[in-house]
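Good morning, and thank you for coming. I would ask you to keep the sequence and the model in view while I speak.

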Amino acid sequence: MGLALLFPGQGAQHPGMLPWLWTQPEAAPLLDRLEALLDAGWRERLRDPAWASANAVAQPLLTGIGLAAWRVLAARLPTPVVVAGYSVGELAAFAVAGAIGEDLALPLAVERAALMDQAVAGQDTGLMSVQGQGALSLASAAVVRAAPGLSIAIRIDESRVIVGGPIPLLDEHAARWREEGLRCARLPVAVASHTPLMASAATGFAHRLADLGLNAPRVSVVCDFNAAATRNPGALAAALAGQIASTIRWDEVMDSVAERGVSCVLEVGPGAALAGMWRERHPRIPVRSIDEFQGPEGVSAWVRGQMA
């Protein structure tokens with residue numbers, strides 16, 4: 001029994017996120033680093049969807065906010081027994097677990113974003129959510145697998161997948177899928193993350209991690225790449241790089257976290273998308289996002305109440 005942490009990925013950021021974070025002295029060093037990286041008015045600039053969804057903005061932003069929030073919460077909460085991150089959220093998860101130094105997480109997020117942009121430079125690529133309902137609830141993954149030129153980037157469950165590829169192909173197939181009764185929506189991500197189009201980025205990031213060398217983490221990390229829980233530095237490095245160009249099986253990641261026998265789950269970062277996914281898949285294990293609370297005291301009271 002214990003606490004599990006989930007760290008969100010791109011798309012979770014919004015101008016009104018975590019207003020209490022800016023009043024906490026423990027968060028100030030990381031927030032100052034974000035301001036130096038993105039500029040002093042970055043919170044207001046999040047109202048511009050194009051700016052907010054750029055990899056060079058979103059990836060370090062999500063990493064920095066997750067780490068700043070955990071700095072505030074760490075002294076108030078039990079040590080987690082397992083952590084996981086959704087896409088770029090893995091950087092914050094790895095840092096919280098101790099696999100990479102906190103001071104390296106932001107630079108790695110910047111490098112990761114640049115490598116991903118370079119991998120599809122000059123190409124118009126992106127991501128789209130595809131979801132089925134009722135009789136079509138098992139169809140989403142199947143129809144995407146049958147679409148030439150597209151790949152499943154993230155599998156949330158058999159009824160809902162994130163598909164990546166060239167924008168013209170996404171739009172072409174989406175028109176047909178909608179006629180078949182599936183729901184399709186473009187996501188605010190500027191590259192086809194977690195697809196073979198990212199192969200060069202995955203290779204480049206693997207080289208960077210090999211030069212860096214990961215530490216043995218203090219707690220288990222469930223990896224997006226294979227949904228395995230591990231503390232092995234070599235396996236963690238391979239998974240952190242590999243997920244950039246491979247399908248994230250988020251349904252299996254959630255199952256692996258649940259199998260650790262956790263008492264409750266906390267989404268550490270802006271938004272509550274991961275909490276919603278968890279609630280649908282594992283309704284008997286309580287979950288909340290820290291963005292739902294007015295301050296760290298409420299977060300602490302909820303977690304301790306679940307573990308009493």
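This is a predicted model: local features need pLDDT of at least 70, side-chain atom pairs count only at pLDDT 80 or more; totals for chains, interfaces and linings use all residues.

The largest pocket has a lining of 24 residues, and those nearest its centre are Gly9, Gln10, Gly11, Tyr86 and Leu187. A pocket here is found on a 1 Å grid over the protein atoms alone: it is an open set of points where a 1.4 Å probe fits, with protein on both sides within 12 Å along at least five of seven lines, and a lining residue has an atom within 4 Å of a point. The volume of the largest pocket is about 340 Å³, meaning the space filled by probe spheres set on the points, with points joined across faces, edges and corners.

Residues are numbered from 1 along each chain as its sequence is written, and side-chain values use heavy atoms, with hydrogens and water left out.

Which elements supply at least two residues each of that lining? They are β4 (151-157), β5 (160-166) and α12 (273-281), and α12 gives the most, with three residues. Helices (H or I, at least four residues) and strands (E, at least two) are DSSP runs numbered from the N terminus. By type, the lining comprises 15 nonpolar, seven polar and two charged residues. Nonpolar covers Ala, Val, Leu, Ile, Met, Phe, Trp, Tyr, Cys and Pro; charged covers Asp, Glu, Lys and Arg; the others, Gly among them, are polar.

Let us turn to helix α4, which covers residues 55-74 and holds asparagine 55. Is asparagine 55 buried or exposed? Asparagine 55 is buried, because its relative accessible area is 2%; buried means under 20%, exposed over 50%, and partly exposed in between, with a 1.4 Å probe and protein chains only. Its side chain makes a polar contact of 2.8 Å with the side chain of aspartate 117. Such a contact is a pair of N or O atoms within 3.5 Å; within protein, one must be able to donate a hydrogen and the other to accept it, and residues adjacent in sequence count only if both atoms are side-chain atoms.

Glutamine 59 also lies in helix α4 and, at a relative accessible area of 0%, is buried. Beyond residues up to four places away in sequence, glutamine 59 touches Gln10, Val88, Ala109, Arg112, Ala113 and Met116, where contact means heavy atoms within 4.5 Å.

Most residues other than glycine have a negative phi. Leucine 18, however, has a positive phi near 40°; this residue sits in the loop between β1 (3-7) and α1 (28-38) and is buried at 0% relative accessibility. Histidine 194 has a positive phi near 60°, lies in the loop between β6 (183-186) and α9 (199-212), and is buried at 1%.

Finally, the chain as a whole. The chain has 13 helices and 11 strands. Its radius of gyration is 18 Å, close to the 19 Å that the globule rule gives for 308 residues, so the chain is as compact as a globular protein of that length. That radius is taken over C-alpha atoms, and the rule is 2.2 Å times the number of residues to the power 0.38. Of the 308 residues, 55% count as buried.
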